[in-house]
Amino acid sequence: MKIFKTTLLISVMLLLVNCNTIVEGSSDFHPDFKVGKTGFEKELKKQLDFDDLAIGTYYTKKNNSLEEKGLNLTFEFAEQELPNKEELNNDAEFIITKVKEYLLNLDNYDYVNIIFENEREEGDITKSSRIKIKKEL
(Lines give C-alpha, C1' and ligand atoms only; values in the text may rest on other atoms or scores of the structure.)
Protein backbone atom coordinates (compact mmCIF):
# COMPACT_ATOMS: atom_id res chain seq x y z
CA MET A 1 0.00 0.00 0.00
CA LYS A 2 2.89 2.33 0.77
CA ILE A 3 4.38 1.69 -2.69
CA PHE A 4 1.00 2.43 -4.29
CA LYS A 5 0.67 5.76 -2.45
CA THR A 6 4.22 6.75 -3.38
CA THR A 7 3.66 5.83 -7.03
CA LEU A 8 0.38 7.72 -7.10
CA LEU A 9 1.96 10.81 -5.55
CA ILE A 10 4.85 10.78 -8.03
CA SER A 11 2.43 10.30 -10.95
CA VAL A 12 0.29 13.24 -9.87
CA MET A 13 3.36 15.45 -9.42
CA LEU A 14 4.65 14.51 -12.90
CA LEU A 15 1.26 15.25 -14.38
CA LEU A 16 1.15 18.67 -12.75
CA VAL A 17 4.69 19.50 -13.89
CA ASN A 18 3.81 18.64 -17.50
CA CYS A 19 0.65 20.81 -17.51
CA ASN A 20 2.17 24.19 -18.29
CA THR A 21 -0.30 25.82 -20.67
CA ILE A 22 -0.39 29.59 -20.39
CA VAL A 23 -3.61 31.32 -21.34
CA GLU A 24 -3.27 34.90 -22.49
CA GLY A 25 -5.88 37.30 -23.73
CA SER A 26 -8.23 40.02 -22.72
CA SER A 27 -11.79 39.89 -21.55
CA ASP A 28 -13.06 42.15 -24.34
CA PHE A 29 -12.84 39.32 -26.89
CA HIS A 30 -16.55 38.75 -27.44
CA PRO A 31 -18.57 38.80 -30.63
CA ASP A 32 -20.70 41.83 -31.45
CA PHE A 33 -23.12 41.87 -34.36
CA LYS A 34 -24.56 44.87 -36.23
CA VAL A 35 -28.07 43.61 -35.45
CA GLY A 36 -27.33 42.10 -32.03
CA LYS A 37 -27.49 38.40 -31.15
CA THR A 38 -31.27 38.11 -31.56
CA GLY A 39 -31.20 39.99 -34.86
CA PHE A 40 -28.38 37.79 -36.12
CA GLU A 41 -30.35 34.71 -35.06
CA LYS A 42 -33.44 35.99 -36.92
CA GLU A 43 -31.36 36.52 -40.08
CA LEU A 44 -30.09 32.96 -39.92
CA LYS A 45 -33.58 31.56 -39.24
CA LYS A 46 -34.74 32.96 -42.59
CA GLN A 47 -32.94 30.04 -44.26
CA LEU A 48 -32.06 27.60 -41.44
CA ASP A 49 -34.54 25.67 -39.32
CA PHE A 50 -32.85 25.39 -35.90
CA ASP A 51 -34.12 25.61 -32.33
CA ASP A 52 -31.36 27.48 -30.52
CA LEU A 53 -28.11 29.27 -31.28
CA ALA A 54 -25.19 29.58 -28.87
CA ILE A 55 -22.40 32.02 -29.72
CA GLY A 56 -18.93 31.95 -28.20
CA THR A 57 -15.28 32.56 -28.95
CA TYR A 58 -12.03 30.67 -28.63
CA TYR A 59 -8.38 31.63 -28.55
CA THR A 60 -5.45 29.27 -28.97
CA LYS A 61 -1.73 29.86 -28.93
CA LYS A 62 0.68 27.03 -29.65
CA ASN A 63 4.46 27.04 -29.34
CA ASN A 64 4.45 30.81 -28.68
CA SER A 65 4.06 31.51 -32.40
CA LEU A 66 0.84 30.14 -33.89
CA GLU A 67 -2.16 32.14 -32.71
CA GLU A 68 -5.75 31.48 -33.65
CA LYS A 69 -8.85 33.46 -32.70
CA GLY A 70 -12.23 32.17 -33.64
CA LEU A 71 -15.96 32.28 -33.30
CA ASN A 72 -18.06 29.28 -32.22
CA LEU A 73 -21.63 29.07 -33.51
CA THR A 74 -23.55 26.10 -32.11
CA PHE A 75 -26.91 25.34 -33.72
CA GLU A 76 -29.16 23.02 -31.75
CA PHE A 77 -31.76 20.89 -33.48
CA ALA A 78 -34.00 19.44 -30.76
CA GLU A 79 -36.03 16.33 -31.58
CA GLN A 80 -35.15 16.40 -35.28
CA GLU A 81 -32.53 14.85 -37.53
CA LEU A 82 -29.58 16.88 -38.76
CA PRO A 83 -29.64 17.75 -42.47
CA ASN A 84 -27.46 15.73 -44.84
CA LYS A 85 -23.83 16.68 -45.55
CA GLU A 86 -24.59 18.57 -48.74
CA GLU A 87 -27.23 20.69 -47.01
CA LEU A 88 -24.88 21.29 -44.07
CA ASN A 89 -22.14 22.53 -46.41
CA ASN A 90 -24.62 24.86 -48.12
CA ASP A 91 -25.82 26.06 -44.72
CA ALA A 92 -22.22 26.64 -43.62
CA GLU A 93 -21.58 28.83 -46.67
CA PHE A 94 -24.75 30.81 -45.94
CA ILE A 95 -23.69 31.22 -42.29
CA ILE A 96 -20.23 32.45 -43.33
CA THR A 97 -21.73 35.10 -45.60
CA LYS A 98 -24.00 36.30 -42.79
CA VAL A 99 -21.10 36.33 -40.30
CA LYS A 100 -19.02 38.43 -42.72
CA GLU A 101 -21.99 40.74 -43.25
CA TYR A 102 -23.03 41.25 -39.62
CA LEU A 103 -20.01 40.58 -37.37
CA LEU A 104 -18.33 43.71 -36.06
CA ASN A 105 -14.52 43.70 -35.74
CA LEU A 106 -14.28 40.91 -38.29
CA ASP A 107 -10.50 41.29 -38.47
CA ASN A 108 -10.25 40.04 -34.84
CA TYR A 109 -11.34 36.52 -35.92
CA ASP A 110 -9.53 33.98 -38.08
CA TYR A 111 -11.97 31.06 -38.15
CA VAL A 112 -15.58 30.16 -37.50
CA ASN A 113 -16.49 26.79 -35.99
CA ILE A 114 -20.01 25.94 -37.09
CA ILE A 115 -21.38 23.19 -34.88
CA PHE A 116 -24.64 21.39 -35.61
CA GLU A 117 -26.01 19.38 -32.66
CA ASN A 118 -29.12 17.39 -32.05
CA GLU A 119 -30.44 15.33 -29.19
CA ARG A 120 -33.44 13.05 -29.39
CA GLU A 121 -35.01 10.86 -26.76
CA GLU A 122 -36.34 7.48 -27.75
CA GLY A 123 -37.80 5.94 -24.63
CA ASP A 124 -35.07 5.63 -22.05
CA ILE A 125 -32.31 6.27 -24.60
CA THR A 126 -31.06 9.71 -25.57
CA LYS A 127 -29.38 9.84 -28.97
CA SER A 128 -27.15 12.79 -29.79
CA SER A 129 -24.99 13.73 -32.73
CA ARG A 130 -22.66 16.61 -33.48
CA ILE A 131 -21.09 17.84 -36.70
CA LYS A 132 -18.40 20.53 -36.67
CA ILE A 133 -17.35 22.52 -39.73
CA LYS A 134 -14.39 24.88 -39.49
CA LYS A 135 -14.27 27.73 -42.00
CA GLU A 136 -11.70 30.44 -42.46
CA LEU A 137 -12.87 34.06 -42.48
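Q: What covers the buried residues of helix 2?
A: In this predicted model, the cover includes strand 1 (52-62), strand 2 (66-78) and helix 3.

Q: Which residues of helix 2 are called buried, and what makes them so?
A: They are Gly39, Phe40, Glu41, Glu43 and Leu44. Buried means under 20% relative accessible area, so each of these residues falls below that cut-off.

Q: How are helix 2 and helix 3 placed relative to each other?
A: The axes of helix 2 (residues 36-45) and helix 3 (residues 85-102) come within 11 Å and cross at roughly 145°. The crossing is right-handed.

Q: What makes the contact between these two helices, by residue?
A: Helix 2 contributes Phe40, Glu43 and Leu44, and helix 3 contributes Phe94, Ile95, Lys98, Val99 and Tyr102. Contact means heavy atoms within 4.5 Å, so these residues meet that limit across the pair.

Q: How many residues of each class are in the contact of helix 2 with helix 3?
A: There are six nonpolar, no polar and two charged residues. Glu and Lys count as charged, so Glu43 and Lys98 are the charged residues here.

Q: What makes the largest nonpolar core, and which residues have the most contacts inside it?
A: The core has 24 residues, and those with the most contacts inside it are Leu44, Leu73, Phe75, Ile95, Ile114 and Phe116. Helix 2, strand 2, helix 3 and strand 3 (111-122) each supply at least two residues. The largest share, seven residues, comes from helix 3.

Q: Which residues are in contact with Phe116, leaving aside its neighbours within four places in sequence?
A: They are Phe75, Phe77, Leu82, Leu88, Asp91, Ile95, Ser129, Arg130, Ile131 and Ile133.

How values were computed: Residues numbered from 1 in each chain as written. Predicted model: local features only at pLDDT ≥ 70, side-chain atom pairs only at ≥ 80, totals over all residues. Heavy atoms only, no water. Axes fitted to C-alpha atoms, helices over the stretch in contact; angles between N-to-C directions. Helix = DSSP H or I, 4+ residues; strand = E, 2+ residues; numbered from the N terminus. Left-handed = near helix turned anticlockwise from the far one by under 90°. Buried < 20%, exposed > 50% of the residue type's maximum accessible area, 1.4 Å probe, protein only. Core = buried A, V, L, I, M, F, W, Y, C linked by side-chain atoms within 4.5 Å.
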